[in-house]
Amino acid sequence: MVCKLLDKANTAPLGMLKLPSGQWTNTLEEVYKHLHETHFPGCKLVSNGSRPNCSTSVSFSSAGTKWVPSTKWHVASTVVTPDRISWVIKTMAPYKSPGIDGIYPILLQKGLQHLLDQLCAIYRASLALGYIPQIWRASRVTFMPKPGKTDYTIAKSYRPISLTSFLLKGLEKLVDRYLRSGPLVSVLIHPRQHAFQAGKSTESALHQLVGRIEKALGARKYSLGGVFFDIEGAFDNTSCKSIRLALDEWKVHSSIRNKRKKLSFCNNV
């Protein structure tokens, strides 16, 4: 983290990118297409001229899957309650950058008493019907150059930052709380897992490792080595089908695990 704060080296702006075939992109459209294919594998790029300020649409689809609304309102009522909505909205950082709808968390927090009943009805309908409102599906994506790279002509040298609607994030947090306190409550997380854990990161993992080595050296003992490997794009390449199968094994209701949606991405550099 200190290295990131101290690193003030300027990186080159997004320009021509080298394709896997060895050729180069010729237009900005080709650049965006290559970035989408690299960072959002399995997506289909289609034109989206009807949406203002949005140049492309990325579609996630499951071939051969027929969508049927669950209409299980009792499950939606369990997941979505006024108290939980209040908790979700209040835990959001007030001035974080919004999605293309322009709704900041502070707007939801200040107007919560007037919005609570409407949000509760919309969230419950979204879960019960298995439908995500179109405006929530649009995400503004900014491709940021990774610091310290020597070659900025390859797509992997850029990191996508996706800004989605905080209304959708609120629904996601409600579902996350339901899963952790319900169907997945018996799934124990190993204390040495640092990924996707509050207060943990790559830095905490390295700190734990270095601490064990220093402790062993200080006691004049041996320290058992480790094997480190990185699975490139592990979560990017995880299919929706495998996620649904895993949720099905844990008896998660179909209204939670089956969602049919199309995400639209607006390009920004």
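Colleague: Why does Trp-136 count as buried in this predicted model?

Modeller: Its relative accessibility is 5%, and buried means under 20%, so Trp-136 counts as buried.

Colleague: What makes Tyr-123 buried or exposed?

Modeller: Tyr-123 has 1% relative accessibility. The cut-off for buried is under 20%, so Tyr-123 counts as buried.

Colleague: How many aromatic pairs does a search of the whole structure find?

Modeller: The search finds 2. In one of them, the rings of Tyr-123 and Trp-136 have their centres 5.8 Å apart.

Colleague: Why is the pair of Tyr-123 and Trp-136 called edge-to-face?

Modeller: Ring centres must lie within 6.5 Å to pair, and planes over 60 degrees apart count as edge-to-face. The planes here are at 65°, so the pair is edge-to-face. This pair links distant parts of the chain, with Tyr-123 in helix H6 and Trp-136 in helix H7, 13 residues apart.

Colleague: Why is the pair of Tyr-152 and Tyr-158 edge-to-face?

Modeller: Their ring centres are 6.0 Å apart and their planes are at 70°, so this pair is edge-to-face as well. Both tyrosines are buried.

Colleague: How do you know that the charged end of Arg-177 sits over the ring of Trp-87?

Modeller: The charged end is 4.8 Å from the ring centre, and the distance limit is within 6 Å, with a limit on the angle to the ring normal too. Lys-173 also lies over the face of Trp-87, at 5.4 Å from the ring centre.

Colleague: Which residues have the most contacts inside the largest nonpolar core?

Modeller: Among them are Tyr-123, Ile-85 and Leu-127, in a core of 29 residues. The largest share, 8 residues, comes from H8.

Technical notes: Residues are numbered from 1 along each chain as its sequence is written. This is a predicted model: local features need pLDDT of at least 70, side-chain atom pairs count only at pLDDT 80 or more; totals for chains, interfaces and linings use all residues. Side-chain values use heavy atoms; hydrogens and water are left out. Rings of Phe, Tyr and Trp (its six-membered ring) pair if their centres lie within 6.5 Å; planes under 30 degrees apart count as stacked, over 60 as edge-to-face and the rest as tilted. Helices (H or I, at least four residues) and strands (E, at least two) are DSSP runs, numbered from the N terminus. Buried means under 20% relative accessible area, exposed over 50%, partly exposed in between (1.4 Å probe, protein chains only). A charge sits over a ring if NZ of Lys or CZ of Arg is within 6 Å of the ring centre and within 35 degrees of the ring normal. A nonpolar core is a set of buried Ala, Val, Leu, Ile, Met, Phe, Trp, Tyr and Cys residues joined through side-chain atoms within 4.5 Å.
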